[in-house]
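Dear colleague,

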Amino acid sequence: MSDRTDYLLTNAHLATMTEGSAGYGLRRGALAVRGGRIAEVLEQGAALPEDLPRRDLDGRLVTPALIDCHTHLVFGGNRAAEFEMRLNGASYEEVARAGGGIVSTVRATRSASAEVLVAGALPRLDALIAEGTGTVEIKSGYGLDLGTELAMLRAARALGRQRRVTVRTSFLGAHATPPEYKGRDDAYIDEVCIPALRAAHAEGLADAVDGFCEGIAFSPAQIERVFRVAAELGLPVKLHAEQLSHLGGTQLAARYGALSVDHVEYATEEDARALAASGSVAVILPGAFYTIRETQQPPIGHFRTHGVPMALATDCNPGSSPLSSLLLTMNMGCTLFRMTPAEALAGVTCHAAQALGLDDRGRIAPGLRADLAIWDVETPAELAYRIGFNPLNERLIGEL
């Protein structure tokens, strides 16, 4: 069934997600797919097309295939040793002096070949696919030099060719300042980040441009210089903002019509208003909140009040969120932040698609891609309710 582009799913319980986070859009009936696209959503009892091969789902739940809209899936090495050091009492300063932190990931990524980067990322990608994921965003940002930033993006593109999954790439050269530019953040932006962005665009490697606006990274003024180049190149922007403090990155991103602003633990109600006005998605990343033991929760209530769409993502990375499960991410969003199960499912389907600028997936409706997940559950809430359990029956992917 997975490789067929024409088929009919009958006796299905469909979570169409056409209502966004307001509800699941549940319907019982059948789903007709032609050419890898959803042709018809048929109510129970409606006349069914006779020319399509059928599969009786016996009442199983069908949702859009899941979408992980924020990952750092490609990187070299891992940081398990410093994780252990911290739990044995070492301070972050001691870990850094021992060569840990992002510097260790940059060093390992720079020394890895493209083949090694792809091979290391495949198990993480396969873990997401095994839970019904059909689209994954992958960022650069651990090279911090022109050659390695491009190598990371090439590796991300290669992953999309090696697996039946859509990969969207984000250029994240403004992630951190590398050791050789320590104390010279502006020079790094001018001499490395922006030239690497132009090179990535020229090679067709970047679908969007991201940055890290934080006291330990870059200021709003520095990020805006990168955003200006993105606008010149016609690339949409995203931003890591308000994760550890409030610097005003959300307002900057909203002014540039960002696809999304991610983390947002320290965002304010004014930020929520700005996101609502710009149509930007707030991407909630509970894995990082959990791993670094943050206490400041994102302002879910303000996002609800002002109608800001909320996505959920793994933020899979070697340091602050070594998480490769969207199902666990959904549970964390509900348990840690009191998101509803409907908000959580919208966060990894329709709102995650919006965070990537994709309007052809994330919902079950005629004309959209037939990227679908079939689940052995009775209700959609079970997807966020269970911990460490994968009820996927089958993943169906339409056009690639």
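I begin with the cysteines. The sulfur of Cys334 lies 14 Å from the closest cysteine sulfur, which belongs to Cys350, and that is too far for a bond. Cys334 is buried, at a relative accessible area of 13%, where buried means under 20% relative accessible area, exposed means over 50% and partly exposed is in between, with a 1.4 Å probe and protein chains only. For Cys316, the closest cysteine sulfur is that of Cys69, at 13 Å, again too far for a bond, and Cys316 is buried, with a relative accessible area of 3%. A search of the whole structure finds zero disulfides, a disulfide being a pair of cysteine sulfur atoms within 2.5 Å.

Please bear in mind that this is a predicted model, in which local features need pLDDT of at least 70 and side-chain atom pairs count only at pLDDT 80 or more, while totals for chains, interfaces and linings use all residues. Residues are numbered from 1 along each chain as its sequence is written, and side-chain values use heavy atoms, with hydrogens and water left out.

As to confidence, the protein chain averages a pLDDT of 95, and 98% of the residues score at least 70; pLDDT is the predictor's confidence in each residue, from 0 to 100. Confidence is lowest in helix α2 (residues 92–97), at a mean of 69, and highest in strand β6 (residues 66–68), at 99. Helices (H or I, at least four residues) and strands (E, at least two) are DSSP runs, numbered from the N terminus. Where pLDDT is low, the predicted coordinates should not be read in detail.

Helix α9 (residues 269–278) has Asp271, Ala272, Ala274 and Leu275 buried. Seen down the axis of α9, its buried residues fall within an arc of 160°, so they line one face of the helix, the arc being that of the directions from the helix axis to the C-beta atoms. Glu270 and Ala277, on the other side of α9, are exposed. The cover over the buried residues of α9 includes α8 (249–255), β11 (260–263), β12 (281–284) and α11 (300–305), and α9 is followed by Gly279, whose phi is positive, near 75°.

Finally, Thr133, found in strand β7 (residues 133–139), is buried, with a relative accessible area of 0%. A polar atom of the Thr133 side chain lies 2.9 Å from the backbone oxygen of Leu128. Not counting residues up to four places away in sequence, Thr133 touches Leu66, Asp68, Leu128, Val165, Leu326 and Arg395, where contact means heavy atoms within 4.5 Å.

With best wishes

Key:
Polar contact = N/O pair within 3.5 Å; in protein donor to acceptor, adjacent residues only side chain to side chain.
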